[in-house]
Amino acid sequence: MHAVIQYLISIWVPLVCALVIVGVLPLVTGYIVLMERKVMADMQARLGPMRVGPHGLLQPIADAVKLLIKEDIIPDEADKAIFWIAPLISVTAGMLAMSALAIGPWFQIADLNVGLLFIVGISALGIFGIVLGGWSSNSHYSLLGALRSAAQLVSYETAAGMAVVGALLLAGTLSTREIVTAQGDYGTWFIFAAPVGFFIYVVASIAETNRAPFDLPEAESELVAGYMTEYSGFRWALYFLAEYTNMVVVASIATTLFLGGWLRPFAGTPAFNFLDYFPSALMIFVGAYCLYRAPKQPVKVQQLFMMVLGLAFFGVALILAAPLIGRVNDMLPGLKPGLHGAFWFLLKVGSYIYLFMWLRFTFPRYRFDQLMRLGWQFLIPLSIVNVMGIGLALVLHRQWGWSHWTAFPLTTALTLLVAGWLGWAGEKKDKEHVFVGES
Amino acid sequence: MLDQIVFYFFAALAAISAVLVVTRRNIVQCAIFLITALLATAGIFLQLHAEFLFIVQVILYAGGIMVLFVFVIMLINLDISLHQAQYNRQWWLGLLLALVVGAHLILAVAVGRSVLPFGEPAPATMLEPSTQIVGRTLFGEYMLPFEIASILLLVAMIGAVVMAKKKV
Amino acid sequence: MADERIPFATHAESTVLGADEIVLNMGPQHPSTHGVLRVKLRLDGEKVIGSECVIGYLHRGVEKIAEHRSYQQFAPYVDRMDYVAAVSNGLGYCEAVEKLLGAEAPPRARVIRVILTELQRIASHLFWLGTHALDIGALTPLFYCLREREEILKIFEKYCGARLTTHAFRIGGLQYEAYDELEKDVERFCKPFDKRVDEYESLLTENRIWVGRTKGIGILTAAEAIDYGASGPVIRASGVKWDIRKAMPYAAYDQYKFEIPTGKNGDTYDRYIVRLEEMRQSRLICLQAIENIPAGPIMGKVGKVLKPPPGEVYHAIEAPKGELGYYIVSDGTTQPYRVRIRPPSLINLEAFDKMIRGHLVADVVAIIGTLDIVLGEVDR
Amino acid sequence: MPTQYIPIFIFAALAAAFPAVTLVIFRLIRPTPVAVGAKLKPYECGVEAEGDTRGRYSVRFYIVAILFVIFDVETTFLFPWAVLFSTREEGFRLEPVFALASMFVFLGILIIGYIWLFRKGALEWV
């Protein structure tokens with residue numbers, strides 16, 4: 001027993017991280033949903049949630065309370081045990097995948113040797129929750145959603161894995177922490193060395209998280225709600241939690257692999273050191289906006305809320321600014337990479353998620369056969385070529401001493417050429433498939 | 001001590017799930033227990049410090065079972081299979097054979113402990129860095145088998161298509 | 001009709017591995033059957049091998065009600081049929097009764113009727129575009145479309161006080177005199193509207209996903225369209241230049257210049273393009289009409305009590321959804337003996353099974369959306 | 001057990017317990033389900049479902065599924081290769097040309113197979 005306590009003391013940082021993730025993630029998810037609704041409203045010329053709290057800021061909490069106390073319905077004909085356990089599988093897998101993420105050099109539960117593979121592999125387990133949930137509901141719509149989900153995962157997993165391999169070629173390690181360090185050493189993020197790989201990963205990750213335009217498993221206009229048609233109340237919320245957790249996970253993978261993880265833009269260039277002030281400046285801006293909006297709120301409580309919120313942002317700005325003071329930095333040298341790293345990492349994750357939302361509100365939905373065709377006939381061959389191209393660039397650079405600036409653009413251009421050809425061939429084939437009436 | 005507890009936990013999980021895989025009537029439940037069994041095996045790999053093998057086990061079998069699962073839905077009428085007997089009338093013969101094989105195995109281990117040359121036990125310390133070691137072995141000593149593996153995959157690919165498509 | 005064009009199976013025997021055929025109910029409570037349409041789909045996996053539309057969930061017996069109301073009293077009921085194009089319904093009914101009476105609406109009334117009906121056509125098409133795009137998964141166009149539709153509804157509200165079921169016309173002319181700023185309002189809406197249509201197009205027309213989802217889906221050839229009695233944008237998209245506004249002009253349509261947009265392939269994409277073009281044409285008609293609204297009375301000479309002579313009449317107009325016809329039999333009393341309504345939605349819907357066979361589940365919503373049905377009109 | 005995995009197991013337990021415990025605890029607060037009749041029926045747009053969902057269900061999945069397994073294995077081979085290509089561990093890094101050549105052979109064989117599949121139309125869903 002004593003040994004166990006001793007041990008727990010030695011691993012308190014990961015433990016605190018674990019508790020924080022488990023405790024805060026549902027809240028974060030709620031606010032991502034709010035963000036999505038606000039972004040959607042903004043793009044669609046309306047306001048979005050405005051009622052609960054100022055600017056709808058308390059909407060996620062109201063939603064959570066509502067979902068928690070809703071009646072819990074399990075259909076008669078459902079396979080009860082599987083129905084019960086399916087959403088849990090999804091949520092657990094999504095959360096567990098986060099354990100190897102490095103949110104800044106400080107915040108990480110465990111730095112694994114196979115970190116990236118761990119994230120990819122474990123988050124892929126979440127699909128079982130979807131398929132089992134859809135199957136156990138014993139409804140046609142759910143079953144169709146579950147099957148689509150399985151086929152979709154199967155088709156895009158390979159492309160995503162290959163895109164990851166492309167970045168790993170440059171990084172030379174599977175540990176999330178070292179991948180980010182490698183990008184610091186290279187002096188450039190891998191998105192610039194492997195833009196095609198990043199593109200493939202974006203598309204494949206959207207498909208893997210069942211987001212529009214690939215949201216076929218839950219396509220509301222066709223399958224009502226797909227695999228979660230029979231789910232209601234908190235179980236349904238768990239699926240939502242899993243979906244948004246997965247979004248965060250894929251966004252984090254993309255950030256770690258392609259967008260430089262917790263590194264500041266131009267981290268190696270002293271001329272851009274003024275960007276160190278950006279985190280505080282952003283927080284001050286947000287805080288000032290909150291204070292500016294505060295008197296315009298209709299109710300006293302809301303005014304107070306906005307005021308407190310604004311001050312809280314100022315507080316965060318102060319904390320972020322602290323390491324910039326020379327003396328503090330000398331005392332706690334780890335503070336700056338830790339705090340600012342987390343800031344930049346989360347900012348990049350947020351931007352990636354924003355990209356997801358943007359795509360969702362812009363594009364119509366793919367049809368199933370088109371989705372499969374895109375995956376198998378475009379992304380998979382392209383991703384194989386991408387891996388070969390990056391390998392070739394590295395050989396040109398290392399063996400024959402070409403500079404980065406010639407080797408990588410050259411191979412990227414070659415890859416793009418192949419992409420163009422694949423697209424053209426697909427188009428041609430597509431035309432053959434369309435049966436046009438004689439009219 | 002802790003290691004042993006963890007090992008027995010995973011081993012028991014794997015064994016019990018494996019038994020359930022063959023005894024459950026509902027095939028979807030069988031598939032779930034198969035996942036559990038495979039994940040428990042992955043846990044044992046992890047305990048042996050074979051991190052790479054652990055994660056490969058998770059990735060490959062998760063995908064594989066997903067495929068199996070869809071095949072179940074495609075090929076099997078669950079309503080009928082639920083009411084069918086799991087074994088035919090020779091089940092007792094099967095049990096007997098299983099017992100014989102089991103006994104043989106136990107005997108082999110018991111006797112072999114002293115007689116047969118067992119390999120070195122898996123190291124209890126960390127083999128840093130495991131991915132690199134696996135890779136080095138694969139691309140060093142086992143280069144040829146690795147390339148042949150691609151031919152094997154090619155054959156599997158062609159085989160699948162030939163079997164599924166009648167008019168190739 | 002033997003059909004060699006669709007190279008897909010239409011029976012379950014040819015499904016792979018001897019799988020069972022499943023029957024999926026889409027509707028009546030489904031997000032994208034546009035009301036309470038029920039479609040029974042026979043599926044082989046995700047492929048539709050047959051379908052059956054079950055209607056009647058919104059049946060209110062409108063035609064029967066007509067037999068127990070006076071001519072004037074029945075007018076508001078037709079607004080409830082195609083509730084997204086109430087003005088057009090009213091126009092058809094009023095003109096049919098006028099024909100029966102041998103009366104005519106005065107020129108001023110006719111022009112205002114054209115303006116309002118064309119605005120209603122734009123509103124109806126906007127609503128169709130928004131929901132159709134939503135069915136295919138594009139969330140955003142809906143709100144842009146509703147934003148513009150709102151402007152039209154505001155004009156209706158100013159004109160008659162109602163937004164949806166307007167009951168704008170009266171047998172023999174108009175219910176209300178046009179308000180002072182009608183021209184200005186219409187102009188303010190119409191002038192920038194073609195830019196707005198371009199905006200929708202920029203989101204959809206050349207979008208690869210949109211094209212992939214709509215091109216070659218639900219093809220109805222010209223001959224088939226005629227056989228099925230389709231009308232409106234559905235038949236025009238198949239390449240048949242048929243528009244009652246041109247073929248048998250009513251109201252004041254003979255005074256205005258406009259084109260009849262037609263498609264070539266008769267697929268979902270063509271129907272989409274045709275409707276977008278129709279919105280542009282309607283805008284042009286509105287702009288022409290507001291330039292010269294004749295002065296004069298708004299009611300023609302019809303009595304307080306309408307008592308048409310015995311006889312029968314069929315009058316059809318080009319409603320946003322197609323040919324909306326009223327067949328009215330009078331026995332010389334104040335109430336019609338029989339009213340039969342030819343709803344364009346119902347007749348267009350009949351081509352659905354033909355269009356869906358061999359396509360996937362996802363195409364069901366695309367095709368239902370593109371037929372632009374309103375269940376209030378299908379069921380009446 | 002590698003020591004870094006212990007927090008992960010604790011985290012796994014937490015992550016699994018959190019939703020399960022919430023689900024159970026809020027059962028006390030939630031109204032007890034009293035749903036009867038149609039509320040407990042599977043959703044079929046408001047009408048009685050025809051046929052059963054437990055029958056055999058045609059998915060044109062066979063080839064795609066097998067191919068997925070093959071490509072999955074292939075990707076797994078690529079991971080250690082990619083790591084070794086530019087690893088920083090002493091003495092593990094492969095010689096670039098040799099590594100690239102070996103993988104080109106490996107991928108080349110698979111690409112031949114892929115092209116064959118493509119030409120046969122095996123990658124079409126319907």
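How many residue pairs are in polar contact between chain D and chain A, both at pLDDT 80 or more? I counted 1 such residue pair, taking a polar contact as N or O atoms within 3.5 Å, where within protein one must be able to donate a hydrogen and the other to accept it, and residues adjacent in sequence count only if both atoms are side-chain atoms.

I note that this is a predicted model, in which local features need pLDDT of at least 70 and side-chain atom pairs pLDDT 80 or more, while totals for chains, interfaces and linings use all residues. Residues are numbered from 1 along each chain as its sequence is written, chains are lettered from A in the order in which they are written, and side-chain values use heavy atoms, without hydrogens and water.

**Interface of chain D and chain A**

I looked up the salt bridges (a side-chain nitrogen of Lys or Arg within 4 Å of a carboxyl oxygen of Asp or Glu) and found 1 across this interface. It joins the side chains of D:Arg27 and A:Asp72 at 3.9 Å, N to O. I then recorded that, on the side of chain D that touches chain A, the largest share, 19 residues, comes from H1(D). That side divides into 49 nonpolar, 8 polar and 14 charged residues.

How values were computed. Helices (H or I, at least four residues) and strands (E, at least two) are DSSP runs, numbered from the N terminus. Ala, Val, Leu, Ile, Met, Phe, Trp, Tyr, Cys and Pro count as nonpolar, Asp, Glu, Lys and Arg as charged, and the others, Gly among them, as polar.
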